[in-house]
Amino acid sequence: MLGLIARRLFTALPTLFLVITAAFFLMRAAPGNPFQGERQLPPEIEARVMAKYGFDRPLIVQYGTYLADVAHGDLGPSLKYKDKSVGDVLKENFGVSLVLGLSALIVAGVTGIALGIAAALRQNRSADYLVMAVAVAGVCIPTFVTAPLLVLLFASTLQWLPNAGWNNGALPNLILPVAVLALPQIAIISRLVRAGMIESLRSNFVRTARAKGLPDCRVVLRHALPPALIPVVTYLGPACAGLLTGSLIVERVFALPGLGKFFVISALQRDYTVVMGMVIVYAALILALNLLSDLIVAALDPRVRLS
Amino acid sequence: MSRTAILLAAAAPRGRSLWDDARARLLGNRAAVAGLFVLALLFLAAVFGPALTPWRFDAVNKNDVWADPLTHGHILGADSLGRDLLARTLMGLRVSLAVGVVATFVSLVIGIAWGTTAGYVGGRVDEAMMRIVDVLFSLPFVFFVILLMVAFGSSIVLMFLAIGAVEWLTMARIVRGQTRALKSREFVEAARAAGLTAHQIVLRHIVPNLLGPVVVYVTLTIPGVILAESFLSFLGLGVRPPMASLGSLIANGAQDMELAPWLLIDPALIMAATLMSFNFIGDGLRDALDPKDR
C-alpha cells in the first residue's frame, strides 16, 4: 500500500510541474498585461508598475522565481484585487465551490447507486428502461441547458426556489445548483452500477449466498453490491473533473461566489497569479482524488493489491 | 486447374462479411435507426437550411425585436435584435456540427498515429508514449482550453485544434490496445514474411482493421466535441457574434429566457436531439461491432 502511494506521488509531482509550466507560459504568451484596463496608464507608469512586480525581467527568470515561490507555498499577490494575496482570494471563494462540489458528489453517489441497483434488479422491465432513459438524458443534456431550464421552471414560473445567489449557503439556494451539477454524474454512476450489478448478480458467489438462504436484501447489499461499486470508485477522478467544469457553468448561471466564477474573469483580465493559483489548486485536487480512488480500489479489490 | 477454380467458386456459399453482419444488427436496433434518421435530417437542415430561410442569420430587424413565434414572418420568433431564430438555429447547428466533425477528425489523426506507433513498436517506446498519455489525461484540460482561447482570441480554427488536441487521448489508448492485439495475428506475420516495411504493415494491414472500434469511438467523440464547443461558447469564449453556434444561442437564450423562453428552449432541443442521436448511434454501433455481446 505504501509502495503504491509512493509510486503515485512520484508521478503526480511531475504532472503538477507540467501543469504549472504549461499554464505559466500560456498565460504569458497572451497579449496584454494585468495593468492595461479601461483607464490607460501613462507608458512610464505602466513600465514602473511592471518593474515593481518583476514583469520586466526575462521570462525564464520570472518562471524560476515563481516556481521557487510556489515551492515555498507562496502564490504571490493578486494583481487585480487590491491588497489581497492569491491565497486570500482562493480561501474566500474555495469554500463555496467545495460545499457545492461535495454536496453534488454525495447526492450523485447516493442517487446514482440507488437507481443503478433498482435498474439492475428489474433488468429489461419498465423501471430499468425508465432509469436508463433518465441516464441517457442526463448524459446528453448539458449543464448549461439544464441550469437555465430549471431556473425557468422552478424559480421564474413556479417560484418555489430562489433563481440565483448564495445567501450564505441557505438550503433553498443550494437545491438548484447542486441538482444541476449532480445530474450528469447521476446518469453516469447509475449506468456504471447497473452494469456492475448485472454482472455480479449472475456470478457464483451471489448464487452461493442465495443458496445459503440469506435474505434478498443482504445478498444484494453485502454480496452483490461491493464488487459493482469498484467502477464507481475508479470514476471518482473523472467525476471530480466533471464537477469542476460544471461548476464553471453553475457558478455563473446562479451567480455564486465560487472559484469557477473567477477563473474566466481573471484569465480575461490577465490576473496572472490568480489564474495560476486556481490552476494549481484544481490540478492538485484532481490528482489527489485520483490517488484516493486508486487507494480505495486497492482496498476493495484484492486482485489490484497483488499486481 | 481453371475448371476446378470455377467449380469451387460456384460451390462456395456467398460469405457474409463482418460488415454485413454488423449492418444487419445495427438496422435491427430501433434506437440506433431512429438516431440515424434524426441525424440525417439534422445534417440536411444544417447544410441546406441556412440558404432556404427567408431571413439571413445575422440580419438585424428593428421592427421584429422579441417577435413571438409565427409572427412577423418569423416561424420560431426573433431575438433581442430582431434576428430570425430559425435562421440562427440552423446556422448554429451548422457551426456546431462542423466543429464536431473537424475536431474529431483532428483527434482521429493524432490518436491513430500515436496509438499505432506505440502499439506496433512496443517496448520502451510504447511505455514512454502511453505514460505521456496518462499524464495528459490527469490534467485539468478544460482550464487549458479556456486559457488557450483567452490567450489567442477565439478563432474557429484554434477551437478545432484545441478541442481536437484534447480529445485524442482516449482514441490513442483504444488504437494502441487494438494494434497490440492485431500485431500478433497471422496476417501481420504473413505481411512481415512477405518483406513489407513496418510503415506499410501499419498503413495497409493494421489501420484498416482498426476501423470497428474507431468508428464506434468517433460517433461518441463528436457529441463530446460539440459539447465542448458549446461549453466554450456559453462562457463567451467560443464563436464570435454575430456568428452563432448552438452553445452561443443557448447562452443568449438563457439571458433572455424570462422575456422569450423559446430563444432558450428551441436551440436546447436541437442540441439535445443532436447529442442523443449520436449517442444512440454510437451505442448501436458498439453492440453491432462488438462480437462479445452477440
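1. Basis. This is a predicted model, in which local features need pLDDT of at least 70, side-chain atom pairs count only at pLDDT 80 or more, and totals for chains, interfaces and linings use all residues. Residues are numbered from 1 along each chain as its sequence is written, chains are lettered from A in the order in which they are written, and side-chain values use heavy atoms, without hydrogens and water.

2. Chain B, elements. Chain B has 11 helices and zero strands. Both kinds of element are DSSP runs, numbered from the N terminus: helices are H or I with at least four residues, strands are E with at least two. The C-alpha atoms of chain B fill a box of roughly 80 × 50 × 30 Å along the principal axes.

3. Chain B, burial and surface. Of its 294 residues, 48% are buried. Buried means under 20% relative accessible area, exposed over 50%, and partly exposed in between, with a 1.4 Å probe and protein chains only. The accessible surface of chain B is about 14,400 Å², and carbon and sulfur atoms hold 66% of that surface. Such areas come from the Shrake-Rupley method with a 1.4 Å probe; for residues, only the protein chains shown count as cover.

4. The A–B interface. Here 42 residues of chain A are in contact (heavy atoms within 4.5 Å) with 35 residues of chain B. The area buried between the two chains is about 3,300 Å², with 85% from carbon and sulfur atoms. Buried area is the accessible area (1.4 Å probe) that two parts lose on being put together, summed over both. A:Leu26, A:Cys140 and A:Phe144 supply 19% of what chain A buries against chain B, more than any other three residues.

5. The salt bridge. The count between chain A and chain B is one salt bridge. B:Asp283 pairs with A:Arg191, with the closest N and O atoms 3.4 Å apart. The term requires a side-chain nitrogen of Lys or Arg within 4 Å of a carboxyl oxygen of Asp or Glu.

6. α1(A) gives the most, with nine residues.

7. A:Ala255. This residue has a positive phi of about 50° although it is not a glycine. Most residues other than glycine have a negative phi. A:Ala255 sits in the loop between α10 (236–253) and α11 (259–268) of chain A. A:Ala255 is partly exposed, at 44% relative accessible area.
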